[in-house]
Every structure is written in structure tokens, then in C-alpha cells.
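Subject: Structure handover

Hello,

Here is the structure you asked to take over. Please open it first, then read my notes below.

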Amino acid sequence: MIRKFITIISVLALSFLFSEEKLIQLTKDKYNQTFPIWSSDEKSVIYASDEASKGDIFLINIETKKVKRLTKSKEYSGQPSLSPDGLKIAYFTLTDGKGTIGIYDFKTEQSKVIITDGEWNEYPVWKDNDNITFFSRRADRNGIFNYNLTTSKIDLLFSNEKNNN
């Protein structure tokens, strides 16, 4: 099977699926769809959209065009990242005005915020099925951090310490 390429075209906020043969429009609405990623079975696309609130994570089946809302944020959720086993999504979410990281579990169909340390955390990416790497803006430094799902431990991987001089 030839791997398909997906992108978002911002003109009129429409989403399109590109294959080698043709251009297929996935959504036909006035909302903004961003951060598209393939599901592990390549039958659906996971994306962020403001169609139900200020921003949530959705899944659209590319054949049926059926849309499922995965998160129900009070503020905003975006930047989805699929775990290597395809069973979870890590995502950025605003919680009380703070940048936090959440997890959506396809087995339980539940989402929860996992990183709420009071710092501005964003851009989660899976290292493996148990570790999420993310960017964080902190009072003393900006850096790349790792969160372990089993231990709930956050480790600094790389930092650009702020100079207060």
C-alpha cells in the first residue's frame, strides 16, 4: 500500500486528502482544522478543530466522512500525537489558562490531563508507548522534557536556561 500524504490547506479552512491519484476533500465547513495525523490503521485522520468549542481533538473516517469528537475541553485542545501502538493520543490542552498535556485512550474512550505542573507545556511527541517528550516554558528555563506514564516523573532532556543579567 502506498502511504498517503495529508495536509491542511488554510484557504477557506478546508481540509484535503492527497493521494497519488486524486485530491479528496475531507471536511466541508467553516471551521479551522489543524495538526492532522493518521490513525494507526490509516482509515482515519485525527485532527484539532474549533468546530465544537474553542478547540478539541476529532477523528474522521476517510471513507465514510463520519466525525467523532475525542476530547471535550473547557478551553482548547490541539497538537495531537499518536502513540506508537496506536492506542493513545497525547495532546496539548489549556487548563485554567495553563498549557498542559492530556492523554486520550482509544480503549476506554476517556481523556485526562496528565501534566499539570503549573508550567506552560506543549508539543507532545511519543518517544515510545510509555514516554512523552514535550516542550516547556518555565520560569527559570525553556526546555525539552520527558514524562514517564508509569512513574509520572518529568525529566529535563535539554534546556536553554534564561539569563537574568
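One surface feature to begin with. Ile-144, Leu-157 and Phe-158 make a nonpolar surface patch of about 290 Å². Patches are built from residues with over 30% relative accessible area and no salt bridge; like charges are joined within 9 Å, and nonpolar side chains (Val, Leu, Ile, Met, Phe, Trp, Tyr) within 5 Å. Accessible areas come from the Shrake-Rupley method with a 1.4 Å probe, and for residues only the protein chains shown count as cover.

Some ground rules. This is a predicted model, with local features needing pLDDT of at least 70 and side-chain atom pairs counting only at pLDDT 80 or more, while totals for chains, interfaces and linings use all residues. Residues are numbered from 1 along each chain as its sequence is written, and side-chain values use heavy atoms, leaving out hydrogens and water.

Ile-144 belongs to strand E14 (residues 141-148). Strands (E, at least two residues) and helices (H or I, at least four) are DSSP runs numbered from the N terminus. Ile-144 is partly exposed, at a relative accessible area of 30%. The cut-offs: buried is under 20% relative accessible area, exposed is over 50%, and partly exposed lies in between (1.4 Å probe, protein chains only).

**Sheet and hairpins**

Four strands form an open sheet, in the order E4-E5-E6-E7, with antiparallel pairing. Strand E4 (33-38) and E7 are the edges; each has a single partner strand, so one side of each has no neighbour in the sheet. On average, neighbouring strands of this sheet are turned by 25° against each other, direction ignored. For such angles, axes are lines fitted to C-alpha atoms (for helices, over the stretch in contact), and angles run from 0 to 180 degrees between N-to-C directions.

Strand E6 (residues 56-61) pairs with E7 in the antiparallel sense, over three bridges. Two strands count as paired if DSSP finds at least two bridges between them. Leu-59 stands opposite Lys-68 in E7.

Ser-44 sits in strand E5 (residues 44-49). Ser-44 is buried, at 8% relative accessible area. Its contacts (heavy atoms within 4.5 Å) include Ile-37, Trp-38, Leu-59 and Ile-60, leaving aside residues up to four places away in sequence.

Next, the hairpins. E8 pairs with strand E9 (residues 88-95), antiparallel, over four bridges. Leu-82 has Ile-89 of E9 as its bridge partner. Five residues separate E8 and E9 in this hairpin, and Gly-86 in the turn has a positive phi of about 75°.

E9 also runs antiparallel to E10, joined by eight bridges.

Ser-81 is in strand E8 (residues 77-82). Its relative accessibility is 11%, so Ser-81 counts as buried. Among the residues that Ser-81 touches are Ile-37, Lys-88, Ile-89 and Trp-126, again not counting those up to four places away in sequence.

**Salt bridges**

How many salt bridges does a search of the whole structure find? The search finds six. The criterion is a side-chain nitrogen of Lys or Arg within 4 Å of a carboxyl oxygen of Asp or Glu. Side chains of opposite charge can pair when their charged atoms come close.

- Glu-109 and Lys-68 meet at 2.9 Å, N to O. Glu-109 is in the loop between strand E10 (98-105) and strand E11 (110-115), Lys-68 is in strand E7 (residues 67-69), and the two are 41 residues apart. Glu-109 is partly exposed at 48%. Lys-68 is partly exposed at 35%.
- Asp-117 and Arg-138 meet at 2.7 Å, N to O. Asp-117 is in the loop between E11 and strand E12 (120-128), Arg-138 is in the loop between strand E13 (131-137) and E14, and they lie 21 residues apart. Asp-117 is partly exposed at 31%, whereas Arg-138 is buried at 14%.
- Arg-137 and Glu-122 meet at 3.1 Å, N to O. Arg-137 is in strand E13 and Glu-122 in strand E12, so the pair ties together parts 15 residues apart in sequence. Arg-137 is partly exposed at 40%, whereas Glu-122 is buried at 6%.

Best wishes
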